[in-house]
Amino acid sequence: MKISSLFYTIRQGFANIFRNKWYSLASIATISACLFLFGLFYAIVANFQSIVKTAEEGISVTVFFHYEGDALNGANCSPDHVVPSDQRIEELGQMIAKRSEVSEVKFISDDEAWAKFATQSYGEVYAVGFPENPLKGENSYEVFLSDVSMQSALVTWLQSIPEVRRVNYSELTANTLSGVNLLIAYVSMGIIAILLAVSIFLISNTVAIGISVRSAEINIMKYIGATDFFVRAPFVLEGVLIGLMGAVIPLGIIYSIYNYALSYVMERFSVLSSFLKFLSVDELFGILAPVSLAVGIGIGFLGSFSTVRKHLRV
């Protein structure tokens, strides 16, 4: 494209917006409203996912091993159960840590387990003064999951290890958190699809009106040899500018609202910060800003390009 053609396209793109100012304002307002709702929805969902992720990080599977004399303590053991050595337990810990479902593995000795339980239940004096450790031999691994939905596969594998005596886990908790994540994903995709469809429809209508207003001029341009690209470019630029403005406006509003709301909650309800992890403004907008700009520009481009392609028949 020549420099003169480029400047012509830019001038006409801006001129089209002002020529159809009411329709352009309507499209900008609609895109802004859609992206504003999208931004609010994303802020809520992102924070909810952060809270769920924090809850998932606390979900663990506890693995207990066979030990000498466990049958005497009432354990339900098969005759061929295998009692692992300390070296074998360490090897099993390394094997567990390499699993894709696992994020972290912690070894808990029987003494550590009893000290923690006794201190929490009876106090430090009782824990120290107890003559014998009732959890003798109950060495275990506390296994934290990288994805709670994969807990079932991990538990099945752990239970197949001959040295493993028992695996403690909560199937209900894992299923609940997995269900919540799936629900959030489906609802998010549905709402985003609706918002995008509405925005593209408004952009298409605006550009179609611009084409009808300039139909005579476009006919003349085509008759004197103007290429399709030269004719279409101003309308596509118009759509991109409308989409860009429609994205910038709600981003500024959401930034102010979220920043104020986060500061207010942290000051008035500081106790929430101890167990609820809210995303900071930078964390939220690190994803929301580029996505919103890309969506705004994208629907502006797609809406105008598809409309020009459909209606520009001269």
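Helices (H or I, at least four residues) and strands (E, at least two) are DSSP runs, numbered from the N terminus. This is a predicted model, in which local features need pLDDT of at least 70 and side-chain atom pairs count only at pLDDT 80 or more, while totals for chains, interfaces and linings use all residues. Residues are numbered from 1 along each chain as its sequence is written, and side-chain values use heavy atoms, with hydrogens and water left out.

View 1. Read along the sequence, the protein chain follows the pattern α-α-β-α-β-α-α-β-α-β-α-α-α-α, which contains ten helices and four strands. Of the 314 residues in the protein chain, 37% are buried, where buried means under 20% relative accessible area, exposed over 50%, and partly exposed in between (1.4 Å probe, protein chains only). Two residues are in contact when they have heavy atoms within 4.5 Å; among contacts between residues at least 6 apart in sequence, 81% join residues at least 24 apart.

**View 2. Confidence along the protein chain.** The predictor's confidence in each residue is given as pLDDT, from 0 to 100, and its mean for the protein chain is 76, with 75% of the residues reaching 70 or more. Confidence is highest in helix α3 (residues 86-97), at a mean of 88, and lowest in helix α5 (residues 124-129), at 52. Over residues 71-78 the pLDDT stays under 50, and for this stretch the model has six contacts beyond four places in sequence.

**View 3. Helix α9 and its kink.** Helix α9 covers residues 228-268, and its 41 residues should span 60 Å at 1.5 Å a residue, which agrees with the 60 Å between its end C-alpha atoms; the expected span is 1.5 Å times one less than the number of residues. A kink of about 25° in α9 is centred on Pro234, the bend at a residue being the angle between axes fitted to the seven residues ending there and the seven starting there.

View 4. Rings of Phe, Tyr and Trp (its six-membered ring) pair if their centres lie within 6.5 Å, and planes under 30 degrees apart count as stacked, over 60 as edge-to-face and the rest as tilted. The structure holds five aromatic pairs. One of them is stacked, because the rings of Phe38 and Tyr42 have centres 6.4 Å apart and planes at 25°. These two residues are four apart in helix α2 (residues 21-57), so about one helical turn separates them. The rings of Phe65 and Tyr141, with centres 5.8 Å apart and planes at 85°, form an edge-to-face pair. This pair links distant parts of the chain, 76 residues apart, since Phe65 is in strand β1 (residues 60-65) and Tyr141 in strand β3 (residues 140-145).

**View 5. The surroundings of Asn139.** Asn139 lies in the loop between α5 and β3 and is buried, with a relative accessible area of 18%. Not counting residues up to four places away in sequence, Asn139 touches Val63, Phe64, Phe65, Phe107, Ile108, Ser109 and Asp110.

**View 6. The surroundings of Gln151.** Gln151 is in helix α6 (residues 151-159), where it is buried, with a relative accessible area of 3%. Among the residues that Gln151 touches, not counting those up to four places away in sequence, are Ile59, Val61, Leu145 and Tyr169.
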